[in-house]
Amino acid sequence: MKIDKQKEELKISFEDFKKQILEDYKIAFLSRECSILGRREVFSGKGKFGIFGDGKELPQLALNHFFKNGDFRSGYYRDQTLLFAQGLLTVENVFAALYADLDIEREPMSGGRQMGGHFVTSSRDKDGNWLKIIDKKNHSGDISPTGSQMPRLLGLAQASKIYRNHKTKSRDLFSKNGNEIAWGTIGNASTSEGMFFETINAAGVMQVPMVISVWDDGYGISVSNKDQTTKESISEALRGFKRSKDQLGIEIISVKGWDYLALIEAYEFASKLARKSHVPVLVHVTELTQPLGHSSSGSHERYKSKKRLEWEKEYDCNTKMRAWILKEGFTSEEDLEIIEKNISKEVKTSRRNAWEAYQNPILKEKEILNTFLVQIKKQTNNDPNVQLIFSELNSVLELGYKDIISAGRKLNLLLKKNSISSLKNFEKWFSKLNFLIRNKISSNLYSVSIEELQKYKAKPPLYDEKPNSVDGRIIIRDNFEVLFKKYDNLLMFGEDVGKIGDVNQGLEGLQSKFGELRISDTGIREVTIVGQGIGLSLRGLRPIAEIQYLDYILYCIQILSDDLASMNYRTVGKQIAPLIIRTRGHRLEGIWHSGSPMGGMIHLLRGIHILTPRNMTQAAGFYNTLMQIEQPAIVIESLNGYRLKEKLPNNLGEYTVALGRIEVMKQGTDVTVISYGSTLRIVQESEKRLLQEGISIEIIDIQSLIPFDLNEEIRKSIVKTNRILIVDEDVPGGASSYILQQLIEKQNIFSLLDCSPKLLSAKAHRPAYGGDGDYFSKPSVDDVFESIYSIMNESNPNKHPL
Ligand SMILES: Cc1ncc(C[n+]2csc(CCOP(=O)(O)OP(=O)(O)O)c2C)c(N)n1
């Protein structure tokens, strides 16, 4: 009865239906064999760590039948079966990932950067242009922090809603009328994470087409549902979110993970609802198992009872499917055995092939190095260390590039110490290989190259002869208006962004001009605001997500760090998320509206550009630049600058501020004072008093902390002054130390300095409220004056006594 219904629903003949089931079983079996052999490969020492999809095969195969081109998955490390079923993963790929093969063709998920089980598909061609992702099945780049796939899922789903209701010029690359589903997968235990609930709530409010599957195997490593989830069931716990006849919400379905037909039915229902009506659906897939335990790092016998282990054997979804196939007479036991035997053989062969493909190029390089032995011995007067280095290298069993490079580095030094003439061929080979491998490991942290940024020519703001002097927020607002007209894929959202046009009215009146779809209010939920931005940008839109105050960026710093900042790097440029985060911060009032945690951000968010404009003209210029390139960035506007008067440029939306360029705001000869954001005004205020003391300062606005002074212009200033003061309002040793590190290590200023470099920051504690609080917590004009004066005292105590 059930089978007939399914055939009918899928509109296929019995023969085809049988074929589909057998094909699915083959994939389930192949996937399981990979898990088993992969785990063994770790125990044999060839792979470092293994985490696999065993026990989750069946629901993924069912889901696959409803996953269409243009759809996206945002999932986690258990989803190998789905990718196998979609032809996006080969057995060789699985093993190449286990070995951390650096070759992006053999290990297409991350070129050896990620542990196995973390998947991605490419959205870009080799030249960095968008592929037509509407014609592909898409997987957004997986990450390891569990639950962190959820925020991005919200944006991936929201993109369908945008595309259904708003036609952009490039829509055909990304969407067909917004019919695409964002498929989420998450383990039962990871639903305990706050961001899971935040995503569920936001999806219910926004009514976006996502289908979240919870793979419930009862455990999160060793901790069972009893200690994880209220009522020991996520679908039960979420009942209040369930939609009803009268109220929108989430559709919640529960289905057993070993029941193939029930799974097909569940996914058919879920996908129809999400695709057609944009209703978010949660599919709670229960009674799943973990036959091999959580990962290669421990056995589940430690925490599962004998009874549970026996139950898991009986309810293993592959075993159940096999028994069902035989019971329904789709094929015979003998045929199944032959199929299974062949698959086992195929997996073993593929594993061997993957190992050889991984090792061969490394062995080749070792052979090249061995050919230099005689010459190196000769050049180093038979230094016994040479033979030792070669012997050590040739005794390594599972060779990595690191072994060759390490030997090469040691030989290089010996040659330099002993050689009369250099060994050109060796040097050439070594530096080429060294560069190549390092590049394979470290490329693509940012989507836009330094060379491109260095070449970038900014268009300056232009002014009427008698320009209007306006509040800074007007410049921001009018500039955004031009950008909304210019870029049909630009969207802005955040808390109080829509109706009132942000808390400082930098978007005043724009929602009524451009619509609620493009300029929208969100709940107070910083993690999923960022998630919206990441997901939308992965689907070709250009979001600017607003975090209302810089202090609250800490709520989403994890997702910014783990997901956005690592996106380009972990996918080796296959996916980019050119999300712009708009926020406002630094100095205002009190512990939570005066923070400037720039050091923390700089260190946690490498991969994202961090821009700190001193006023709204510069801020608008940064937005204009960022809309022209595809690089995630955070722009921190000065909270106390919205009501300060600035000249109104007449080329709003057009002028740009280059990234990674400083600006010399005032020339001087004695001390180079480097700052950014709000403290620049404090520095400027100190200038007059310093002049009265005969001290001339050169004031530099860094304005772009990452990328940092790409043309090394600060050095030029220090060549002139030989003295520096770095001023900011972060904690001592925060961003100011980063600035000094850049100057010492990258710009080599150490030898230029006549006296010790000075750093002036805020106190280590949070800034206290009120005028006194500010004065005693943050750098004041007096502090700046005295710091500079003391630098001059160090140089000339007679002229500047203390
Ligand atoms: C944020 C975070 N905390 C802890 C871990 C370590 N960890 C990895 S997997 C895992 C258990 C996850 O269980 P579940 O979500 O049920 O998924 P399963 O592995 O059982 O499929 C834990 C605690 C992690 N990866 N990320």
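A polar contact is a pair of N or O atoms within 3.5 Å. In this predicted model, an oxygen atom of the ligand is 2.9 Å from a polar backbone atom of Ala189, so the pair falls within that cut-off.

## The ligand and its surroundings

A backbone N or O atom of Thr146 lies 3.0 Å from a nitrogen atom of the ligand, while His294 uses its side chain, a polar atom of which lies 3.5 Å from a ligand oxygen atom. On its own, the ligand has 590 Å² of accessible area, and the protein covers 72% of this.

The ligand is surrounded by 17 residues, the closest being Tyr76, Tyr77, Arg78, Ser190 and Tyr219. Sorted by class, this shell has 6 nonpolar, 8 polar and 3 charged residues.

## Two buried polar residues

Thr121 belongs to the loop between helix H5 (91-99) and strand E2 (138-139). Its relative accessible area is 6%, and Thr121 is therefore buried. A polar atom of the Thr121 side chain lies 2.8 Å from the backbone nitrogen of His139. Apart from neighbours within four places in sequence, Thr121 is in contact with Leu88, Lys137, Asn138, His139, Lys574 and Gln575.

His284 is part of strand E8 (residues 281-286). Its relative accessible area is 2%, so His284 is buried. The side chain of His284 makes a polar contact of 2.8 Å with the side chain of Asp216 and another, of 2.6 Å, with the side chain of Ser235. Not counting residues up to four places away in sequence, His284 touches Val214, Asp216, Ser233, Ile234, Ser235, Ile253, Ser254 and Val255.

Within helix H11 (residues 306-315), the residues Arg308, Glu312 and Tyr315 are buried. They lie on the same side of H11 because they cover an arc of only 80 degrees around the axis. An α-helix has 3.6 residues a turn, so residues three or four places apart point the same way. The buried residues of H11 pack against strand E5 (219-220) and helix H12 (317-328). On the face turned away from this buried side, H11 carries the exposed residues Lys306, Lys307, Glu310 and Lys313.

## Backbone features

Most residues other than glycine have a negative phi, and most peptide bonds are trans. Gln207 has a positive phi, near 55 degrees, although this residue is not glycine. The position of Gln207 is the loop between helix H8 (194-206) and strand E4 (210-215). Ile221, also a residue other than glycine, has a positive phi near 50 degrees. Ile221 is found in the loop between E5 and strand E6 (223-224).

A cis peptide bond, with omega about 0 degrees, joins Ile706 and Pro707. Pro707 lies in the loop between strand E20 (704-706) and helix H26 (713-721).

## Glycines in loops

Gly257 is located in the loop between strand E7 (251-256) and helix H10 (260-277). Leaving out residues up to four places away in sequence, Gly257 touches Leu58, Pro59, Leu263, Val285, Thr286, Leu288 and Cys317. Gly257 and Phe241 are 16 residues apart in sequence, and their C-alpha atoms are 23 Å apart in space.

Gly400 sits in the loop between helix H15 (384-394) and helix H16 (401-418). Gly400 and Gln359 are 41 residues apart along the chain, yet their C-alpha atoms are separated by 7.9 Å.

The following table gives the accessibility of residues discussed in this and the preceding section.

| Residue | Relative accessible area | Class |
|---|---|---|
| Gln207 | 11% | Gln207 is buried |
| Ile221 | 43% | Ile221 is partly exposed |
| Gly257 | 0% | Gly257 is buried |
| Gly400 | 10% | Gly400 is buried |

The classes rest on cut-offs: buried means under 20% relative accessible area, exposed means over 50%, and partly exposed lies in between. Ile221, at 43%, therefore counts as partly exposed, whereas Gln207, at 11%, counts as buried.

Definitions and conventions: Residues numbered from 1 in each chain as written. Predicted model: local features only at pLDDT ≥ 70, side-chain atom pairs only at ≥ 80, totals over all residues. Heavy atoms only, no water. Near = heavy atom within 4 Å. Polar contact = N/O pair within 3.5 Å; in protein donor to acceptor, adjacent residues only side chain to side chain. Areas by Shrake-Rupley, 256 points an atom, 1.4 Å probe, with all protein chains shown as cover. Nonpolar A, V, L, I, M, F, W, Y, C, P; charged D, E, K, R; others polar. Helix = DSSP H or I, 4+ residues; strand = E, 2+ residues; numbered from the N terminus. Buried < 20%, exposed > 50% of the residue type's maximum accessible area, 1.4 Å probe, protein only. Contact = heavy atoms within 4.5 Å. Arc of directions from axis to C-beta.
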